[in-house]
Amino acid sequence: MDDSPDISGIVRQSPPGALARSWRNAVFVAVVVLTAMTALWSLASAGLFEVLLSGDLTPDEKLSRVRGFFESFGAAAPIAYVLVVTVEVVLAPVPGAMLYAPGGVVFGGFWGGLLSLTGNVVGAAIACQLMRIFGSRITERLVHREAAQRLQARIARHGVSVVFLLRVNPLTSSDLVSYAAGLTPMPTWKLCAGTALGMAPLCWVQAYTAD
């Protein structure tokens, strides 16, 4: 008589690829956390948060110090800038609009706008994926539940068009839109498309104006 345990039920209960997806999610979260911590440490150690939020500095002084911060990275300055904008979109430590003008000063109107737009699109995709991994826990802790539910319903009904309109509207929380989209079945690429189209005017107008 065979006394070995029957594991067929366990095998049947494990969906194909579940373990691989768990590992991918774990790696994704680890990379996001490590990148965010590195960027935040760099910003804090350089005093960039204090500069951006200071009420004692003139706009010219702020731009000068922010420009010096990014130029200190040399050839890697564009990567550092995109990283900072991405972290801002995901974690929102400072208003995003405060970063777009320095992008124009440092990199010029076209490239500054393109880099800030890239950071917004990448940040939106990351926020959406984080919501899909952690679900309700992010809803409860990072976003207002009722506001997220309203946006979720609108995004689910209208897709890319409503994402575009929400991005164009300067009064809408860009971060909240990304997290709310993660509660819907909308493909991430559609969120990115709506974000790119909606954020492009703001990013380029501010970059060209500053330049």
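Thr184 sits in the loop that runs between H11 and helix H12 (188–210), in a predicted model. Helices here are DSSP runs of H or I at least four residues long, strands are runs of E with at least two, and numbering starts from the N terminus. Thr184 has a relative accessibility of 6%, so it counts as buried; that label means under 20% relative accessible area, with exposed set at over 50% and partly exposed in between (1.4 Å probe, protein chains only). A polar atom of the Thr184 side chain lies 2.8 Å from the backbone oxygen of Ala181.

Some ground rules on the model come next. It is predicted, with local features needing pLDDT of at least 70 and side-chain atom pairs counting only at pLDDT 80 or more, while totals for chains, interfaces and linings use all residues. Residues are numbered from 1 along each chain as its sequence is written, and side-chain values use heavy atoms, with hydrogens and water left out.

As for the overall fold, the protein chain has twelve helices and zero strands. Written out along the sequence, that gives the pattern α-α-α-α-α-α-α-α-α-α-α-α. Of the 211 residues in the protein chain, 43% are buried.

Back to helix H11, which spans residues 174–181 and holds Tyr179. Tyr179 is buried, because its relative accessibility comes to 4%. Its C-alpha is 9.1 Å from that of Ile126, although Tyr179 and Ile126 are 53 residues apart in sequence. Ser178 belongs to helix H11 too, and Ser178 is buried because its relative accessibility is 0%. The side chain of Ser178 meets that of Arg167 in a polar contact of 2.8 Å. Such a contact is a pair of N or O atoms within 3.5 Å; within protein, one atom must be able to donate a hydrogen and the other to accept it, and residues adjacent in sequence count only if both atoms are side-chain atoms.

Next come the aromatic rings, where the structure holds six pairs. Rings of Phe, Tyr and Trp (its six-membered ring) pair if their centres lie within 6.5 Å, and planes under 30 degrees apart are called stacked, over 60 edge-to-face, and the rest tilted. One of the pairs joins Phe69 and Phe73 edge-to-face, with 5.3 Å centre to centre and 80° between the planes. Phe69 is buried, since its relative accessibility is 9%, whereas Phe73 is partly exposed with a relative accessible area of 33%. Phe70 and Tyr81 make another edge-to-face pair, at 5.2 Å centre to centre and 75° between the planes. This pair links distant parts of the chain: Phe70 is in helix H4 and Tyr81 in helix H5 (residues 77–91), eleven residues apart. Phe70 and Tyr81 are buried. Phe69, Phe70, Phe73, Tyr81 and Phe107 make up one aromatic cluster.

Side chains of opposite charge can pair when their charged atoms come close. The count is one salt bridge, defined as a side-chain nitrogen of Lys or Arg within 4 Å of a carboxyl oxygen of Asp or Glu. Arg67 forms a salt bridge with Glu71, with 2.9 Å between the closest N and O atoms. Both residues lie in helix H4 (residues 59–71), four residues apart, or about one turn of the helix. Arg67 is partly exposed at 35% relative accessibility, and Glu71 is partly exposed with a relative accessible area of 43%.

On the surface, Phe164, Leu165, Val168 and Leu197 form a nonpolar patch with about 370 Å² of accessible area together. Areas come from the Shrake-Rupley method with a 1.4 Å probe, and for residues only the protein chains shown count as cover. Patches are built from residues with over 30% relative accessible area and no salt bridge, joining like charges within 9 Å and nonpolar side chains (Val, Leu, Ile, Met, Phe, Trp, Tyr) within 5 Å. Helix H10 (residues 160–168) gives the patch its largest share, three residues. Phe164 lies in helix H10 and counts as partly exposed at 31% relative accessibility.

Finally, the cysteines: the structure has zero disulfides, a disulfide being a pair of cysteine sulfur atoms within 2.5 Å. Cys192 is in none, and the nearest cysteine sulfur, that of Cys128, is 7.8 Å away. Cys192 is buried with a relative accessible area of 17%, and Cys203 is buried with 0%.
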